[in-house]
Amino acid sequence: MRKERFSIVGQSLPKIDAWAKVVGETRYADDLVLPRMAHGKLLRSPHAHALIKRIDTSRARALPGVYAVITGRDLPRVKFGILPVSQDEEALCVDKVRMVGDAVAAVAAVDEETAERATELIEVEYVLLRALMSIEESLGHPEARIHEYGDGPNVHKAVSLQFGDVEAAFGEADLVREDVFYFEGNTHLPMEQHAAVAQWGADGKLTLWSSTQTPHYVHRLLAKILDLPQPHIRVIAAPVGGGFGGKLDPFAHEIVACKLSQLTGRPVKITLTREEVFYVHRGRHPVLMWIKTGFKKDGAITGMHFRSWLDGGAYGSYGVASTFYTGALQTVTYKIPVYKFEGARVFTNKPPCGPKRGHGTPQPRFAVECQLDKAAEQLGLDPADMRRRILAEPFTKTANHLTVTTTGLGECIDRVVEASGWRQKFGRLPRGRGIGIACSSYLTGAGSAIYWNDMPHSGVVVRADRSGLVAVLSGATDIGQGSDSILAYLVAEVLGIEPKDIRVHPADTDLTPVDLGSYSSRVTLMAGNAAIQAAERLRDRIFTAVAKKLEVETGTLVARDRRVFVEDDAERGVSFPEAVALGESMFGVLAFPGSYAPPKRAGKYKGGGVGPSPCYSYTACVVEVDVDTETGEVKPTEVWVAHDVGRALNPLLVEGQVEGSIYMGLGEALMEEQVFRKGVHKIPSLLEYKSPTTLETPEIHTILVETDDPEGPFGAKEAGQGPLLPVIPAVANAVHSAIGVRIDEIPISPDKVVRALELKRQGKAPRVGPDKLPLFTFPAPKVIESAFGEPAAGIAERPFAS
Amino acid sequence: MKVLLALKVNGEEREVVVPVHKTLLEVLREDLYLTGTKHGCELGECGTCTVLVDGEPVLSCLALPIECQGREIKTVEGMAAGSELHPLQQAFAELGAAQCGYCTPGILLTAEALLAGNQAPTRDEVRQALAGNLCRCTGYTKILDAVELAALRMKAPAGAGAARVPAS
């Protein structure tokens, strides 16, 4: 495809909602106010692990201004969870709390202050249990079980997959390295605190407005949790003030707002405090990793064996998927002929971890890229050149049966090496200054839905009428990434109109077709392909009607510049509204659906529920740092990222996603951590939980690489998550290049740098990182033949393609 | 205890009867329905709720409205002159400086105060001025670009500093 073919695609246009956002007009969930609205508050457990013996709500009920007080006994006794295999949550705990912050009771009152005072009047008697605050404690105390289900006492999930003979591969290697790494947990920290407004109507039907990334899953689960027919529930996604994966689960406050609304006959709003946001969490898993890799002298990888232990926190959430993700994508970046993965997720009495930008893959990416750096040093190779030589081949399969389509990683490496001055800098900067490189790949949409089904992952309806109006109805949620704008650009491109001529409506389960949600970098590709299909169906009808009117063949027509006309004779044509009117006259109402589900690949093994994707984005990153050898402070001074986005549908938005990813990666690399003391979050505030400000965020150089992927809408791949991945190991590798120490543990905080420098001064191994692994026996592996290097298999089926 | 407050917000005289301990943030959002002002922590840590009081950035979550009587309060709703956007608003929209948009009002007002006192700030001066406003989406890059573009346009409004993207 040549760029000139496009009218809208490829242009740096403002987002369609930018104007509302800069004047304060955008109404987020907490901005909604309804007549007679009550305010709700949750009472949360102060204990990390305890039995609930008694809850007395009488004093709270007696407080003037209180409309209702509920406990878990007022809700249907069903447990729920986002994944069908982990139904382990309660909106209000009945018998047991498993973390500080578990909700046990709730109040609706005339205002927030009264509701809060009422929660303080609720008496709860607890019997304390041993709190298990680490993987070691949880595995060491099987008698103190957090849940009764899982793959062993306090083991939520244990997996083992083997693709080929890794031991034989290590035998063929010139160098075999074993390394251990640790990645501390951290959280999403969206600026908007979660909020929900529920209105249970007198007709028995429920409407929920919520700051959620997945209105569809909330819709499904509310029916189960509230024991209400799903058609009687309507979920409307409010504009989301930052998600990053933190608004992907159904939350207690959403469920409780619904119940309180039913009981009070009033709309009820609940907005979380910032401290509550830290406790509902679902963020980055702390992961301990062991990695063994065989290398040839030129850096080629003979095989890899990867083990991960995830500290899951108190509930399942997306944890089974997270566990698989720590082992899924290692093979997509470089040639790894044989591969073995073992992973285990352990329950602890901490807020549950889940999906945060990069979901389960930044941790192993850190481990893999730091080990590669160590191997390159040992083999006397330039780490950029070594990576350049071992890249996964386009249109081939990986050892674990994932299908790589396009990859622009080679060009990405070349571009960041060139732009950063790598050749002049690596190994040549003065002590204290360093430069590091790392690469990555990421999925563009998960191949499987969260619950098994054969229906579309994304549905879009495009509607037009005689006024010239074009409305796009999609269940996807714009969480700031600009996905509504992308849908407008794609539909505008197909119909030859301007984005401003199109209205994209917010996800509303009554009005918009189902879309699985804003996660796994899926919306541009999946909702985008569905939008193109719907718009093309509309355009076909319009062209048929216009062709008849003009007495030409439909194939001679084009839609461009708000007109439909004969391509070779631009004078012969009609305006877009006239064209729609002709179509409406001929066909009646013009409303067309588009549906998308990922291609079903041919081949015996499908690559598991986690890992397969229509296509993968690729990123290379170079970071330059200044390290203060006195204080241990690491200051990134410049960052270069080249990202293979397939096609930049709007370069401005892609740059924004890349810049935001780099920023978030730097925060994780250097300062952010979700850590606990005696069951309590150490730093649940925006002041103490350190995140980069304008002063800590360096100049960022973004380079976009286009590969025109056959799976993407007009060739596009993802940009929202992948660019975060290489930033973290690139920082670690830059620190090593600056001061010759290895910090094998994230975040690379000043204390660790100082400790490593001290070890170096003492002549000891200059490394700070984990050196112990848990005593844990993984299950026997599922053994599958490696598919490495096989040509990308044909497509068995493209659901809904025609 | 409730008090009658006379506040001047975005050039309009407004009277409200509110509990005396209610914060300026709460009064703006809940009593005056100026929901353009957002909150991220209500502890004075994130800058999200920033408004201008007599031209100075103030964290409205820590300010008591009783102290703001007789002073000029400006929120994001007061930045545009009728339908004409403030150059900062225009630049933020054009350059993609607002992603989720939640921190945007506070940053716009902080930047407006900066440009009122410094017509041509350096990038470092912009960084310093905005250091108290957290943004989790943008990596700040496009925010800094947008403030610089707006400064350029405000200094020499006649066609200078054309954006690299057209306004739609």
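Predicted model: local features only at pLDDT ≥ 70, side-chain atom pairs only at ≥ 80, totals over all residues.

Tutor: Residues are numbered from 1 along each chain as its sequence is written, and chains are lettered from A and ligands numbered from 1 in the order in which they are written.

Student: Which elements make up chain B, and in what order do they run?

Tutor: Helices (H or I, at least four residues) and strands (E, at least two) are DSSP runs, numbered from the N terminus. Chain B has five helices and five strands, and from the N terminus they go β-β-α-β-β-β-α-α-α-α.

Student: What is the radius of gyration of chain B?

Tutor: It's taken over C-alpha atoms, and the globule rule is 2.2 Å times the number of residues to the power 0.38. For 168 residues a compact globule would come out near 15 Å, and chain B has 16 Å, which agrees. Its C-alpha trace spans about 55 × 30 × 30 Å along the principal axes.

Student: How many residues of chain A are in contact with chain B?

Tutor: Contact means C-beta atoms, placed from the backbone, within 7 Å. By that rule, 43 residues of chain A touch 40 residues of chain B. On the chain A side, α18(A) gives the most, with seven residues.

Student: How do I read a pair of packed helices?

Tutor: Two packed helices are described by the angle between their axes and the distance between the axes. Axes are lines fitted to C-alpha atoms, for helices over the stretch in contact, and angles run from 0 to 180 degrees between N-to-C directions. Under 35 degrees counts as roughly parallel, over 145 as roughly antiparallel, 65 to 115 as roughly perpendicular, and the rest as oblique.

In chain A, the axes of α16 (residues 523–550) and α17 (residues 576–587) come within 8 Å and cross at roughly 95°, so α16(A) is roughly perpendicular to α17(A).

Student: At what angle do α2 and α5 of chain B pack?

Tutor: Helices α2 (residues 87–95) and α5 (residues 141–155) of chain B pack at about 135°, axes 8 Å apart, so α2(B) is oblique to α5(B). Residues in this contact include Leu88(B) and Phe92(B) of α2(B), and Val147(B) and Leu149(B) of α5(B).

Note on methods
Contact = placed C-beta atoms within 7 Å.
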